[in-house]
Amino acid sequence: MMVIGDTLPAVTVRDSEDKAVALASLKGPFVLYYYPKADTPGCTNEGKDFTALSGEFQKAGVEVYGMSKDKPAKLAKFKAKYDFDLTLLSDEASDATEQMGVWVEKSLYGRQYMGIERCTFLIGKDGKVAAVWRK
C-alpha cells in the first residue's frame with residue numbers, strides 16, 4: 001500500500017475517452033480514488049458524492065480522478081449516466097492498482113477473491129502521496 005511520501009507509479013492508464021494518461025504526469029494537488037466496479041450501488045454513490053463536492057474541490061484547486069479496472073467504454077457510460085464531474089480512469093491491466101497496493105484479497109459470504117479495495121489518495125503538488133484514506 002502506498003504511504004505518505006510515496007510517489008505515484010510510472011504507469012499509463014486510459015481515461016473514459018480511451019486516451020492514455022500517464023499517472024506520473026498528473027499535476028497535483030489531486031485526489032485519486034479507487035472503486036471496485038462501475039455502476040454498482042456503492043461505487044455510484046461515491047461518484048455522486050465526489051461530484052456533489054466538485055465545486056469545493058475546484059475552489060481548492062484539486063482535480064478528482066476515479067480509478068477502476070473497468071474498460072474505458074464502460075466508464076464513459078457510467079460517467080454519462082450519472083453526469084459525474086470528474087475524470088474516470090481505467091486500469092484494466094492492474095499495473096497501477098497493484099503498485100498502489102489496492103489489489104487485495106477480499107471475502108464475500110466466505111468466498112475469497114482478489115479485488116480492488118476502496119481507497120482514496122491525496123496527491124500533493126510535489127507528486128507525492130500527502131494523505132491516504134483506506135476503505
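Is F121 buried or exposed? At 0% relative accessibility, F121 counts as buried, the term buried denoting under 20% relative accessible area, exposed over 50% and partly exposed the range in between, with a 1.4 Å probe and protein chains only.

The model is predicted, so that local features need pLDDT of at least 70 and side-chain atom pairs count only at pLDDT 80 or more, whereas totals for chains, interfaces and linings use all residues. Residues are numbered from 1 along each chain as its sequence is written, and side-chain values use heavy atoms, with hydrogens and water left out.

The chain contains 4 helices and 9 strands, where helices (H or I, at least four residues) and strands (E, at least two) are DSSP runs numbered from the N terminus. Their order from the N terminus is β-β-β-α-α-β-α-β-α-β-β-β-β.

As to overall dimensions, the C-alpha trace spans about 45 × 35 × 25 Å along its principal axes. The radius of gyration is 14 Å, which agrees with the value near 14 Å for a compact globule of 135 residues; this radius is taken over C-alpha atoms, and the globule rule is 2.2 Å times the number of residues to the power 0.38. Of the 135 residues, 43% are buried. Contacts require heavy atoms within 4.5 Å; among those between residues at least 6 apart in sequence, 59% join residues at least 24 apart.

The aromatic side chains can now be considered. A pair of aromatic rings is described by the distance of the centres and the angle of the planes. Rings of Phe, Tyr and Trp (its six-membered ring) pair if their centres lie within 6.5 Å; planes under 30 degrees apart count as stacked, over 60 as edge-to-face and the rest as tilted. By this rule the chain has 9 aromatic pairs. In one of them, Y33 and Y35 have ring centres 5.6 Å apart and planes at 40 degrees, so the pair is tilted. Y33 is buried at 1% relative accessibility, and Y35 is buried at 0%.

Y34 pairs with F121: the ring centres lie 6.3 Å apart and the planes stand at 85 degrees, so this pair is edge-to-face. Because Y34 belongs to strand 3 (residues 30-34) and F121 to strand 8 (residues 119-123), the pair ties together parts that are 87 residues apart in sequence. Y34 is buried, with a relative accessible area of 0%. Ring pairs also link Y33, Y35, F50, F57, F78, Y82 and F84 into a cluster.
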